[in-house]
Amino acid sequence: YQRRVRDQTNLKPTITSTAAAAAAAGDAPACVEARVQLQLSFTLASGEQRMRVVTRRVPLSADRVDCEAAMRGDVLALETLQRAAAHAHARDYKASRVALISAQRTLQRAMANGIGDELATAYLGFVQHAEKLDGFMREAETLAAVAVAPSAGAQRDDDASQSILQTKSLSLRELLAA
C-alpha cells in the first residue's frame, strides 16, 4: 500500500463585512469566523488518484478565556512539544523554552478555569516530556560551556539527538499515556 500526500493547506480567513467595519472602527467584535479549507491529494494502492477537499468554519475570538475553553489541550501540548524539540534539535534552546513555558501557562490557566478533565491528562503528559526535553537542553548548554572533549560530547549528542527526535515524532497516544 503506497500513499502519497501533498500538503496544499490554504488558510484564508474570511471576516464578515460587519466584523471588518467594527474592527476598522476600533471596536473589534468578540467573535468572528474563518473559513479553513484543506485539500488532500492521494493515490490508492490500485493507482487511482483521489482528491478530498474539506471546508470548515472556525470561530475566532479575542477573548482568551473563550479560546482556552474551546482549545484541545492535548493538541496544544503535542504541537508545542514537537515544535520545541525541533528548536532544540537546531540548538535554539531559548525558542524551545519560550514555547514550552507559554504552552504550560496556557494549559495551567485552562485547568484553573475548570475546563475539562481530559486537560489534566494532557497537562501531565506535557510536563513529563517537557521536563525531559529541558533536561537535555540544560545538559547541552552545560557541556558547551565547559567545552567537553569531542568523544564524550559526540556520545552525548547521539543520546540527546535520539531523545529529541523521539520527542519530535511523539504521538498523541504516547503523550496521553505518560
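From the N terminus on, the elements run β-β-α-β-β-α-α-α-α-α-α, where helices (H or I, at least four residues) and strands (E, at least two) are DSSP runs numbered from the N terminus. This is a predicted model, in which local features need pLDDT of at least 70 and side-chain atom pairs count only at pLDDT 80 or more, while totals for chains, interfaces and linings use all residues. Residues are numbered from 1 along each chain as its sequence is written, and side-chain values use heavy atoms, with hydrogens and water left out.

Student: Is Asp74 buried or exposed?
Tutor: Asp74 is found in helix 3, and, leaving aside residues up to four places away in sequence, Asp74 touches Ala122, Leu172, Leu175 and Leu176, contact meaning heavy atoms within 4.5 Å. Buried means under 20% relative accessible area, exposed over 50% and partly exposed in between, with a 1.4 Å probe and protein chains only. Because its relative accessibility is 14%, Asp74 counts as buried.

Student: How are helix 3 and helix 4 oriented to each other?
Tutor: Their axes, which are lines fitted to C-alpha atoms over the stretch in contact, with angles running from 0 to 180 degrees between N-to-C directions, come within 8 Å and cross at roughly 170°. Angles under 35 degrees count as roughly parallel, over 145 as roughly antiparallel, 65 to 115 as roughly perpendicular and the rest as oblique. Helix 3 and helix 4 are therefore roughly antiparallel.

Student: How many residues of the contact of helix 3 with helix 4 are charged?
Tutor: Among the residues that meet are Leu81 and Arg83 in helix 3, and Leu100 and Leu107 in helix 4. Asp, Glu, Lys and Arg count as charged, Ala, Val, Leu, Ile, Met, Phe, Trp, Tyr, Cys and Pro as nonpolar, and the others, Gly among them, as polar. The contact divides into eleven nonpolar, five polar and, for the charged class, one.
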